[in-house]
Amino acid sequence: MLQTLVDLTACLAGLVVLLLLLLIAIRMRALRRARRAHRFRPAVEEALGTYLAGSGAAPVVAGRGERVLFLAVAQEALSDLRGNERDVLVALLVRLGFARDAMLGLRARRTSARRAAAETLADLATPLAVHEVAAALANRDILVRTTCACTLAAIGGEDEVPAIVAAAERDALAAPGAAASIVLALAQARPGALAPLLEASAPAAIRRIAVTIAADLRVAQFAGLLQSCLAGSDDLATSSARGLGMIGEFGAVGALAQLAADDTRTPQARAAAAEALGAIGDPASLGLLEKLLEVPDWPLRAAAAAALWRLGQHGQAALHRAAVAGPPEMAALAAAALDP
Amino acid sequence: MIVFTWFVCGFFVAFVAVNSMLLCLATVQLRRYQARSHSSALRRTLRSPLAPPIAVLVPAYNEASGIADSVRSLLALDYPRLEVVVVNDGSTDETLQHLIDVFDLRPVQRPTPPFVTHKPVRGVYAARSQLRLLVIDKDNGGKADSLNAGINFATCPLVCSVDADSILEQDALAKTAMPFVEDPERTVATGGMVRIANGCRIDRGRVTEAHLPRSALAMFQVVEYMRAFFGTRTGWTALNGLLIVSGAFGMFRRDAVIGVGGYRTDTVGEDMELVVRLHRTFRDARRPYRIVHVADPVCWTEAPESTRILRRQRRRWQRGSMETLLFHWRMLLNPRYGVVGLLALPALLLFEIVGPILELSGYVIITAGLVLGLISPPAFLLFLALAILYGLVITMGAAVLEDATANPHPAWSSLWRIVLYAVGESFGYRQLGHLWRVEGLWQLVRKSEWGAMERKGLSRPDSQSLANPLVPGPLVPTVIATVTPSPRHPVTPVTGYLAGRRRTPERPQAYAGERDVLLAPVKVAVKETACGDRPGKGDLDGQDAGDLEVFHGRGIDPVKAGDGLF
């Protein structure tokens, strides 16, 4: 027993020492990096700055450590730069071989190296890497796939769209956030590519994401498709109604009114439809919205009151009437809506 | 004695097994998190219209001197879709008036939504400008009640509870919201890292220089927090068995919180109770969900530096844990609740509730055994060494994880101090903590101080207001300091600051210089300067009878209260 305790104590003491050594090693590495950055960074920043301003020669980068630092500084700059300066910097990085290294890195064995390479290519967004990035859509690491799909959406052509959509579909259930990032990148680069994802034939998970994005980006060309989504599930209808309201789609008033009046739908979907009616501002919605002020569901009533205020003179008159003569709860909501 | 020995051995083995497992899981979880946090695709989504709108709920009770700065710093957080909802919990000071004045608020008509119950609302105020700020003025009902009011009035799908005296890092909201972006359907709550601000330099509601505290008591808490957040909570996240999201900084899906009825107001551990209730509700409904601790986003808070306040805090925490267990005892060892019922709650019961009692009784029994010759001294010493070394392994493991993730204290001296305090905590601090926990349990049994906590509201003395370290008392114009130049902080000599500070019996002297940083924004008027010039920038900001936002303590000589009053 005693011997076991002695052995265990020795083991734990060894483990403590090991952990301490590990801590020291991590700190030494971090300090070395910090020292290197402190030493070289100002010079790298200055060289890049003068080069981009057109008054300096192209910086020369030698040595692995210096290259890593140079790339880090350049990537930070790329996130801020737009237009010609960005193009100049990307061209410089390509010339210095960073794009080539990143393309090779996409095939590295280590996942972290592949991820870093994907991020570098995302920052560079150079069309030279289209083939490598497209090939990386089959990568087994989800972060590499997602980053590359987003990059491809930005740099690829029409031919790459199906592959990007397939990448989004692949991860839509397991990693909806990653799929949403891909669809968002696609929608920002080429809004037209969203159309097939909004169709009823698209997988439900990806369609839901596409509807949310089309609504949030207020892509007016998809008003018709969004309208068709109003008949879908409550989630889908809620997002679509919100989008139609933001777009201000006059042609959707009838469908939105139908959804708002449908007491088989969730209050969230109905409230979104009521809000959309207010945002569109068609006086024809007045009667329905007044009726919705009387429903028992609080969010729906509140949405109807807010929508009435947005309808303008007639809606506000209805609110005044409700505030004066309505039951207490309705009166309170109406009064609140009149004081936005 | 034999039974006790075997029980202790069993407890020790279980403790080692669970904590080692959590540490390993935390390592895996942190690696995953680090990879995701570097993903530009997800970061871009957080900057897009897809970023979920967040309502930051700030319950405030008698926070007049600090609330404006807290709200300002929250409104300036780096997040695209943000609203701030301040709930004035029946403050007896000028908290509300201060907010109205500073943010140019006007009363607006807002009927109280019926989603969760809380004390009556007296009024609602909104900014005349475009500021996304709403102030709810309500009867005093405590922190949980205020959060319920905030949840009712918030219009965003995510709500983030923040203590009025805490400081969020600029990107904390974005990082905490990341799991909601990654998996919006399943994520119901996320919590961020809470770090101790004692010793840090704070400038205009921002931590500009992170330092370890000077106080030994606060240092012990730094070690505890590191172990709890990097080891335990991150580990439980990997199993989806996280039982607590810190009340100082936690983000929730509003519909989920409303769905479970909001915060309970009849417990002192409302944050833990809510999380356990979320687990219970979602598992009862067999709906997929996850509750995540995110290791990187940081909320700075001030730790108690006196044993009296720390004791009260620990007793309250213990009561909160025990109450949560009592409310949800049916989940214990119930396979229906998966890892929460079978592992997390039993671990809470065994290590947090029974553990302190066992350890304290162990000291007595082992001492008796030693005296009576039933235990051999070498065996005792070896067992003691084993316990201390294992504690060190867990602490060092957490320190490694912290260093590998984001360490705000990279200096060598901080490493040695952490190691020193990790060793030192086994000799006195740990035992004291256990004693306070047992006291907390005893309080629960006797139901003492039960209602008093509720009535006191949010700024209890033990909440250690960061924005206003002095608790409410009469506003006394007081000279707080004489500033003299120092090589590190050259300033123009200035004398006679008239400051409105709140004095209490505990702190009859209002002064700067006790700590590295005076954390309170203080009303300051410059009475006279030696050369009739502005004081040195960086040492005094916003003088000229304005708010002195940060008053660095170095180079400041404390003077007695009342000296040089106008």
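This section describes the confidence, fold content, packing and charge pairing of a predicted model of a protein complex.

For the predicted complex, the predictor reports an ipTM of 0.87 and a pTM of 0.81. Chain B has an average pLDDT of 78, and 79% of its residues score at least 70. Where pLDDT is low, the predicted coordinates should not be read in detail.

Chain B contains 15 helices and 20 strands. Of its 566 residues, 59% are buried. Among the contacts in chain B with a separation of 6 or more, 79% are between residues 24 or more positions apart. The chain exposes about 22,100 Å², of which carbon and sulfur atoms supply 59%.

Thr267(B) counts as buried because its relative accessibility is 2%, under the 20% limit. Its side chain makes a polar contact of 2.4 Å with the side chain of Glu323(B). A polar atom of the Thr267(B) side chain also lies 3.0 Å from the backbone nitrogen of Gly269(B).

In chain A, helix α19 (residues 328–337) is mostly covered, with seven of its 10 residues buried. The buried positions are Met330(A), Ala331(A), Leu333(A), Ala334(A), Ala335(A), Ala336(A) and Ala337(A). These residues pack against α17 (298–310) and α18 (313–325) of chain A. Helix α17 carries Trp309(A), which is partly exposed at a relative accessible area of 32%. Beyond four places in sequence, Trp309(A) touches Gln316(A), Leu319(A), Ala337(A), Leu338(A) and Pro340(A); among these, Ala337(A) is one of the buried residues of α19(A). The C-alpha atoms of Trp309(A) and Ala325(A) are separated by 17 Å, the two residues being 16 apart along the chain.

Elsewhere in chain A, Leu15(A), Val17(A), Leu18(A) and Leu21(A) make a nonpolar surface patch of about 370 Å². Leu21(A) belongs to helix α1 (residues 2–52) and counts as exposed because its relative accessibility is 52%, over the 50% limit.

Side chains of opposite charge can pair when their charged atoms come close. Over all chains, 35 salt bridges are counted. In one of them, Arg145(A) pairs with Asp171(A), with the closest N and O atoms 2.8 Å apart. This pair links distant parts of the chain, Arg145(A) lying in helix α7 (residues 142–155) and Asp171(A) in helix α8 (residues 161–171), 26 residues apart. Arg145(A) is buried at 6% relative accessibility, and Asp171(A) is buried at 4% relative accessible area.

A salt bridge also joins Arg242(A) and Asp216(A), whose closest N and O atoms are 3.2 Å apart. Arg242(A) lies in helix α13 (residues 234–247) and Asp216(A) in helix α11 (residues 204–216), so the pair ties together parts 26 residues apart in sequence. Here Arg242(A) is partly exposed at 31% relative accessibility, whereas Asp216(A) is buried at 12%.

In chain B, Arg290(B) and Glu182(B) form a salt bridge with the closest N and O atoms 3.5 Å apart. Because Arg290(B) lies in strand β12 (residues 290–301) and Glu182(B) in helix α6 (residues 172–182), the pair ties together parts 108 residues apart in sequence. Arg290(B) is buried at 16% relative accessibility, as is Glu182(B) at 11%. In chain A, Arg41(A), Glu45(A) and Glu76(A) are linked in a network of salt bridges.

Conventions:
Residues numbered from 1 in each chain as written. Chains lettered and ligands numbered in written order. Predicted model: local features only at pLDDT ≥ 70, side-chain atom pairs only at ≥ 80, totals over all residues. Heavy atoms only, no water. Buried < 20%, exposed > 50% of the residue type's maximum accessible area, 1.4 Å probe, protein only. Helix = DSSP H or I, 4+ residues; strand = E, 2+ residues; numbered from the N terminus. Contact = heavy atoms within 4.5 Å. Polar contact = N/O pair within 3.5 Å; in protein donor to acceptor, adjacent residues only side chain to side chain. Areas by Shrake-Rupley, 256 points an atom, 1.4 Å probe, with all protein chains shown as cover. Patch = residues over 30% accessible without salt bridge, like charges linked within 9 Å, V, L, I, M, F, W, Y side chains within 5 Å. Salt bridge = Lys/Arg side-chain N within 4 Å of Asp/Glu carboxyl O. pLDDT = per-residue confidence, 0-100.
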